[in-house]
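Please read them with the coordinates open.

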Amino acid sequence: MKIMLMLVGAVLLLVGVVWALQGLNYIGGSFMSGQPRWLTIGIATAIVGVILMAVGNRRRSPRL
């Protein structure tokens, strides 16, 4: 479960950063480019990713 939370969190963080950069018009060529809505969605997605990674990092692995 810990690895899954970290993996999903990292993917959400990466996707959120890309969406935020598209919203800021740093990455062009998409319908999302230059749209402030995608900046907000990207920041929110990145924050969720960071939270999932933090939760995954704090979980203890089961001892065998």
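1. **Basis.** This is a predicted model: local features need pLDDT of at least 70, side-chain atom pairs count only at pLDDT 80 or more, and totals for chains, interfaces and linings use all residues. Residues are numbered from 1 along each chain as its sequence is written, and side-chain values use heavy atoms, with hydrogens and water left out.

2. **Overall form.** The chain has two helices and zero strands. Both kinds of element are DSSP runs, numbered from the N terminus: H or I over at least four residues for helices, E over at least two for strands. The radius of gyration is 14 Å, well over the 11 Å that the globule rule gives for 64 residues, so the chain is more spread out than a compact globule. That radius is taken over C-alpha atoms, and the rule is 2.2 Å times the number of residues to the power 0.38. Along the principal axes, the C-alpha trace spans about 50 × 15 × 15 Å.

3. **Burial and surface.** Of the 64 residues, 22% count as buried. Buried means under 20% relative accessible area, exposed means over 50%, and partly exposed lies in between (1.4 Å probe, protein chains only). The chain exposes about 4900 Å², and carbon and sulfur atoms supply 69% of that area. Areas come from the Shrake-Rupley method with a 1.4 Å probe; for residues, only the protein chains shown count as cover.

4. **Contact range.** Take contacts between residues at least 6 apart in sequence: 54% of them join residues at least 24 apart. Contact means heavy atoms within 4.5 Å.

5. **Helix α1.** This helix covers residues 2-23, which makes 22 residues. From first C-alpha to last it reaches 31 Å, close to the 32 Å expected at 1.5 Å a residue. The expected span is 1.5 Å times one less than the number of residues. Buried here are L5, G9, G16, A20, Q22 and G23. Seen down the axis of α1, they fall within an arc of 150 degrees, so they line one face of the helix. The arc is that of the directions from the helix axis to the C-beta atoms. On the other side of α1, I3, L7 and L14 are exposed.

6. **Helix α2.** The 23 residues of α2 should span 33 Å, and the end C-alpha atoms are 33 Å apart, which agrees. Its buried residues are W38, G42, T45, A46, G49 and G56. They pack against α1. Conversely, the cover over the buried residues of α1 includes α2 (36-58).

7. Q22 sits in α1 and is buried, at 9% relative accessibility. Beyond four places in sequence, Q22 touches I27, S30, M32, S33, G34 and Q35. L21 is also in α1, but is partly exposed at 31%. With neighbours up to four places away set aside, L21 is in contact with Y26 and I27. The C-alpha atoms of L21 and A46 are 12 Å apart, at a sequence separation of 25 residues.

8. **V8.** V8 belongs to α1. Its relative accessible area is 35%, so V8 is partly exposed. V8 and S33 lie 25 residues apart in sequence and 25 Å apart in space, C-alpha to C-alpha.

9. Most residues other than glycine have a negative phi. N25 is found in the loop between α1 and α2 and is partly exposed at 48%.

10. **Aromatic pairs.** Rings of Phe, Tyr and Trp (its six-membered ring) pair if their centres lie within 6.5 Å; planes under 30 degrees apart count as stacked, over 60 as edge-to-face and the rest as tilted. The count comes to two aromatic pairs. W19 and W38 have ring centres 5.5 Å apart and planes at 70 degrees, so this pair is edge-to-face. W19 lies in α1 and W38 in α2, so the pair ties together parts 19 residues apart in sequence. F31 and W38 have ring centres 6.1 Å apart and planes at 85 degrees, so that pair is edge-to-face.

11. **Aromatic cluster.** W19, F31 and W38 form one aromatic cluster. W19 is partly exposed at 26%, F31 is exposed at 66%, and W38 is among the buried residues of α2.
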